[in-house]
Amino acid sequence: MSARESLIDACGAEHVRDATSADAIGGVKATYVVSPVDTDAVSAVMAAAAEHGLAVVVRGAATKIDWGNPPTRVDLVVDLSAMNAILEHADGDLIARVQPGVGLATFQKALAPARQRLAVDEVVPGSTVGGIIATGLSGPSRFLYGGVRDLLIGITIVRADGVVAHAGGRVVKNVAGYDLCKLYTGSYGTLGIVTEAIFRLHPIPEASAYVSIALPDEATAGAKVAEVLDSQVVATAVEIDRSEPVGPVTLCILIEGFGPGVSARASRLVALLGPDAHVSEQRPQWWGTLPAGAASLRITAQPSGVPAVLQSVARASVDCGLTAAIRGSAGTGVLYTSVSRGATAAVARFVDAVRETCTAEGGSAVVVKAPAAVKSVVNVWGRIPAISLMRRVKTSFDPENRLSPGRFVGGI
Amino acid sequence: MDSQVIDRLRDQLGSEAVITDRQERRTYECDGLSQFRSIPAVVVLADSAASVSRAVKVCAEMQVPFVARGSGTGLSGGALPNADGVLIVMSRMRTVHDVDLSNQRATVDPGVINLEVTRQAAPGGYYYAPDPSSQQICSIGGNVAENSGGAHCLKYGFTTNHVTGLRIITPDGEAVDLGGGKSLDAPGYDLMGVFVGSEGTLGITTEVTVRLLRAPEAVVTMLCGFESTDAAGAAVSSIIAAGIVPAAIEMMDSLAIEAAEAAVGCGYPAGAGAVLIVEIDGPAEEVEHLSPVIEGLCRDRGAFEVRVALSGEERALIWRGRKSAFAAVGRISPDYIVQDGVIPRTALPEVLRAIEELSRDSGIRVANVFHAGDGNLHPLVLFDDSIEGAGVRAEEVSGAILELCVRLGGSITGEHGVGSDKTKYMSTMFTDEDLDTMQLVRDAFDPNNLSNPGKVFPTPRLCGERPGRRQGVHPLQETGIAEIF
């Protein structure tokens with residue numbers, strides 16, 4: 001049987017097609033696209049892929065499909081957008097079970113009537129649940145509620161050999177067996193295909209307030225952030241935004257809770273930040289989004305290192321002749337910076353300079369999105385301390401290296 | 001044990017760090033779950049990451065199994081030694097390296113006691129959130145291995161949500177940093193996330209970086225008396241449905257209350273069929289607003305008495321009955337089994353009825369104490385081991401409760417871990433494929449199966465392990481050093 005026939009056998013002729021140029025992943029042309037409808041079909045597809053030695057890349061809404069390195073090979077795109085059912089919402093237990101193709105926004109809309117939500121921000125519009133798991137992408141609320149890794153409590157996965165396995169469960173408190181939910185979060189489709197996810201939910205707060213202030217420079221911003229973190233206001237998020245490399249820094253803090261508490265805490269914040277601070281029920285337009293630009297980096301640092309990172313981004317962008325914007329969580333030390341289009345060498349120099357500062361501040365810099373020319377010359381993921389152990393995990397799960405080959409750290 | 005192994009260990013670590021005397025080794029024959037006992041072939045006292053690495057390298061070289069042990073307070077036999085192996089004792093590694101309030105992090109040795117982290121952070125107004133009830137004595141390294149919880153994990157999460165960096169020694173003796181240290185989202189696989197809660201099967205922790213939280217501005221603890229567990233359970237549902245996430249919601253049934261009264265005279269509402277302890281914390285304005293709301297919800301659901309503790313002393317009084325519950329059942333029963341099953345919280349009434357039926361049919365009494373907010377049950381299965389067959393019947397009831405938890409979509413363990421104790425129940429919760437997939441992780445870290453073998457995953461009974469008489473009260477509890485949740 002040919003590969004095509006095996007795939008048709010696995011998930012039905014109507015769910016198999018030849019790839020077009022629009023299906024290329026990171027510029028690498030694919031051969032087939034399949035759109036399985038359930039876990040069994042994914043399992044059959046993976047068994048067929050194993051039989052024919054096909055390299056597989058998983059795709060949801062493709063909003064972050066070009067993040068990381070381009071894969072070295074793509075024979076088969078497994079498109080999960082047909083697996084978009086919300087399978088269960090147990091509101092009394094504050095959990096929900098979903099298929100990976102569900103859009104995050106759709107998911108939130110479905111949870112809202114019960115006044116519940118998944119406490120993950122839609123950082124990239126149109127993201128699916130599977131996509132946020134694969135990239136481990138989290139936004140402002142990470143500060144209080146934790147990231148995807150902290151909210152994902154159960155998964156069903158299909159391995160490279162087609163075997164279906166589960167880990168975790170539908171209860172939040174559970175220490176039985178290894179926590180594979182965390183292993184799969186942020187693994188960029190290199191260890192298997194997540195076909196079902198169970199999340200812990202949170203109540204939608206009765207009230208919320210955004211308290212913002214524009215601050216002249218990074219040192220002032222750092223000092224104010226430190227004061228907020230050390231205060232008793234219990235922020236949901238502590239975000240900063242700087243759209244010009246050496247311009248003012250906007251600090252915005254989200255407070256959530258019950259009505260009277262929120263207004264009192266917002267007033268306390270204003271007292272702390274100064275008379276220029278203002279309170280709004282509306283989020284700023286930039287809130288929880290990636291800064292626009294031709295290339296974007298996820299940069300992390302210990303929280304006290306955020307001013308140094310701001311400074312470094314500003315200095316590097318001037319030195320390299322680029323315009324850079326920076327935005328993200330000063331509370332957690334997870335931020336994004338994007339630079340304008342520029343010469344490849346200039347962008348590469350920018351990456352190196354910013355990475356050096358992030359590393360010195362105990363963090364890292366990862367090039368998530370960039371033109372192919374840039375990705376081909378920079379180290380996209382940076383230095384990975386535990387890389388040999390990670391390679392062993394990869395080899396154990398996918399010995400033939402057929403899942404998103406080359407996309408992840410250290411060439412995994 | 002091959003004398004060569006002992007010679008190599010002495011050569012690598014110095015004679016004073018290697019214990020071979022049988023009486024001394026016997027001190028380590030069990031952890032907090034005393035019915036599993038096994039004397040390790042040799043004990044190594046580690047005092048640095050380098051010495052752990054050297055000991056593990058000897059084990060790897062000679063293909064000898066090893067088990068790491070912290071304070072030995074675990075309740076699932078996770079630190080049960082291997083009779084043919086090396087026990088690596090971590091409790092000498094007790095340095096707090098760094099309390100960094102500007103980053104809200106502490107970096108500590110694995111032998112540091114849980115509560116010590118909070119003690120060090122407290123002057124600056126911070127604390128370490130995970131609070132297993134053995135926190136006066138359990139070690140951070142053990143907490144990492146077990147992914148320890150506590151009464152307040154309903155709101156604040158477990159150890160895994162509070163660890164940001166680990167330094168480990170892999171089963172081949174290499175030092176590796178996992179996680180981001182003081183930063184988050186280190187690129188690559190989240191091996192730190194898998195390592196936390198792996199019960200010592202993936203290597204040994206030698207340094208831990210944890211988040212510190214700002215100590216809450218206000219705390220209110222409420223004690224509510226209900227006529228039945230059904231009514232108390234309905235109150236819990238009302239609180240959750242109102243969008244409130246308390247720091248803790250604990251429940252005790254009448255038998256557990258009776259035991260606590262007998263032991264510590266906690267003065268819980270007379271005639272209560274169940275009590276709820278609800279604790280809320282946070283900014284003063286929020287707590288002030290929520291306190292009467294919760295009281296109202298409880299009264300609506302039939303609470304006939306509500307006590308609100310505002311001071312630390314009043315709060316301690318309320319918690320005393322709850323915290324003494326496990327030890328207290330020793331007063332009303334010579335022997336007992338503590339279970340740790342989890343159910344979806346809404347299944348509580350159904351589960352309690354089923355437990356009652358099991359108890360009636362078997363003649364085995366069951367006292368119920370649980371973290372009601374997250375559905376983590378701690379049924380105490382009471383029996384007298386001197387009566388023939390009672391132990392077996394109690395074991396059966398205990399197993400049936402766990403199977404019930406799994407059938408309702410829950411877990412066999414919420415915080416105590418699988419260890420040696422629950423390996424036989426893993427297959428009720430996971431398929432062979434699930435377990436095989438977890439084994440892929442094991443293969444990557446520990447292909448020769450030397451790091452704490454025989455734990456977590458179903459295997460035949462450990463070599464040299466002998467089943468002992470279950471003891472009603474653990475020695476640590478008896479001496480008042482630790483309470484068991």
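Among contacts in chain B between residues at least 6 apart in sequence, 72% join residues at least 24 apart, two residues being in contact if their C-beta atoms, placed from the backbone, lie within 7 Å. The model is predicted: local features need pLDDT of at least 70 and side-chain atom pairs count only at pLDDT 80 or more, whereas totals for chains, interfaces and linings use all residues. Residues are numbered from 1 along each chain as its sequence is written, with chains lettered from A and ligands numbered from 1 in the order in which they are written.

Chain B holds 17 helices and 20 strands, taken as DSSP runs numbered from the N terminus (helices H or I, at least four residues; strands E, at least two). The radius of gyration of chain B, 22 Å, is close to the 23 Å given by the globule rule for 485 residues, so the chain is as compact as a globular protein of that length. The radius is taken over C-alpha atoms, and the rule is 2.2 Å times the number of residues to the power 0.38. Of the 485 residues in chain B, 60% are buried (20 or more other C-beta atoms within 10 Å of the residue's own, C-beta atoms being placed from the backbone).

The mean pLDDT of chain B (the predictor's confidence in each residue, from 0 to 100) is 92, and 95% of its residues reach 70 or more. Over residues 460–485 of chain B, pLDDT is below 50. Where pLDDT is low, the predicted coordinates should not be read in detail.

For the complex, the predictor gives an ipTM of 0.98 and a pTM of 0.96. The contact takes 70 residues from chain A and 71 residues from chain B. H13(A) gives the most to the side of chain A that touches chain B, with seven residues.

Key: Buried ≥ 20, exposed ≤ 12 C-beta atoms within 10 Å, placed from the backbone.
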